[in-house]
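Me: I have a structure open and would like to go through it with you. Could we begin with the overall fold and then turn to single residues?

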Amino acid sequence: CCRPEPFKYLRFPTPAEVNLVTKVSSDGTSVELSSDRPIKGLVLDVEGSDEGVKGGDQAIDLVPGDKQVVKTEGLAGKKIVVRYLGSDSA
């Protein structure tokens with residue numbers, strides 16, 4: 001009949017435990033991501049209007065020790081907003 005949803009039984013780590021680091025390149029053409037804990041379904045967005053902003057990969061899974069670089073266009077100093085499974089803003 002019904003299958004259990006395994007994610008509902010997980011205790012997600014706090015943001016401090018995850019220690020997600022996002023570094024936007026000086027020219028705004030990429031964002032480097034790293035974390036101390038695994039992250040499932042990480043999505044990048046920008047604060048305010050996203051007009052003219054183009055990004056690469058979305059719904060990224062991160063594991064500790066494996067930095068990921070997402071190509072971007074049009075950031076022009078806009079603040080990056082990050083969401084992932086278990087984060088407060090997801």
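Me: How many helices and strands are there in the protein?
Reply: This is a predicted model. The protein has one helix and seven strands, and from the N terminus on the elements run α-β-β-β-β-β-β-β.

Me: And what box do the C-alpha atoms fill?
Reply: Along the principal axes, the box is roughly 50 × 30 × 20 Å.

Me: What share of the residues is buried?
Reply: Buried residues account for 22% of the 90 residues. The protein exposes about 6300 Å², and carbon and sulfur atoms supply 50% of that area.

Me: What about charges: how many positive and negative side chains are there?
Reply: There are 12 positive and 14 negative side chains, with the centres of the two sets 5 Å apart.

Me: Back to the strands. Which of them form the open sheet, and in what order?
Reply: Four strands form it, in the order β1-β2-β6-β4, with antiparallel pairing.

Me: Which strands stand at the edges?
Reply: Those are β1 (21-24) and β4 (54-55). Each has a single partner strand, so one side of each is left without a neighbour in the sheet.

Me: How many bridges join β2 to β6?
Reply: Four bridges join β2 to β6 (residues 68-73), and the two strands run antiparallel. Within this pairing, Val 31 has Val 70 in β6 as its bridge partner.

Me: Is Ser 35 buried or exposed, and why?
Reply: Ser 35 counts as buried because its relative accessibility is 6%, and the cut-off for buried is under 20%.

Me: What does its side chain reach?
Reply: The side chain of Ser 35 reaches the backbone oxygen of Arg 37 at 2.7 Å. Not counting residues up to four places away in sequence, Ser 35 touches Val 18, Asn 19, Leu 20, Leu 62, Pro 64 and Gly 65.

Me: And Pro 38, buried or exposed?
Reply: Pro 38 is in the loop between β2 and β3. Pro 38 is exposed, with a relative accessible area of 56%.

Me: Which residues is Pro 38 in contact with, leaving aside its neighbours within four places in sequence?
Reply: Pro 38 is in contact with Leu 62, Val 63 and Pro 64. Of these, Leu 62 and Pro 64 also touch Ser 35.

Me: One last point: how many residues apart in sequence are Pro 38 and Tyr 84?
Reply: They are 46 residues apart in sequence, and their C-alpha atoms are 11 Å apart in space.

Note on methods:
Residues are numbered from 1 along each chain as its sequence is written. This is a predicted model: local features need pLDDT of at least 70, side-chain atom pairs count only at pLDDT 80 or more; totals for chains, interfaces and linings use all residues. Side-chain values use heavy atoms; hydrogens and water are left out. Buried means under 20% relative accessible area, exposed over 50%, partly exposed in between (1.4 Å probe, protein chains only). A polar contact is a pair of N or O atoms within 3.5 Å; within protein, one must be able to donate a hydrogen and the other to accept it, and residues adjacent in sequence count only if both atoms are side-chain atoms. Contact means heavy atoms within 4.5 Å. Accessible areas come from the Shrake-Rupley method with a 1.4 Å probe; for residues, only the protein chains shown count as cover. Lys and Arg count as positive and Asp and Glu as negative; His and the chain ends are not counted. The place of a charge is taken as NZ of Lys, CZ of Arg, CG of Asp or CD of Glu. Two strands pair if DSSP finds at least two bridges between them.
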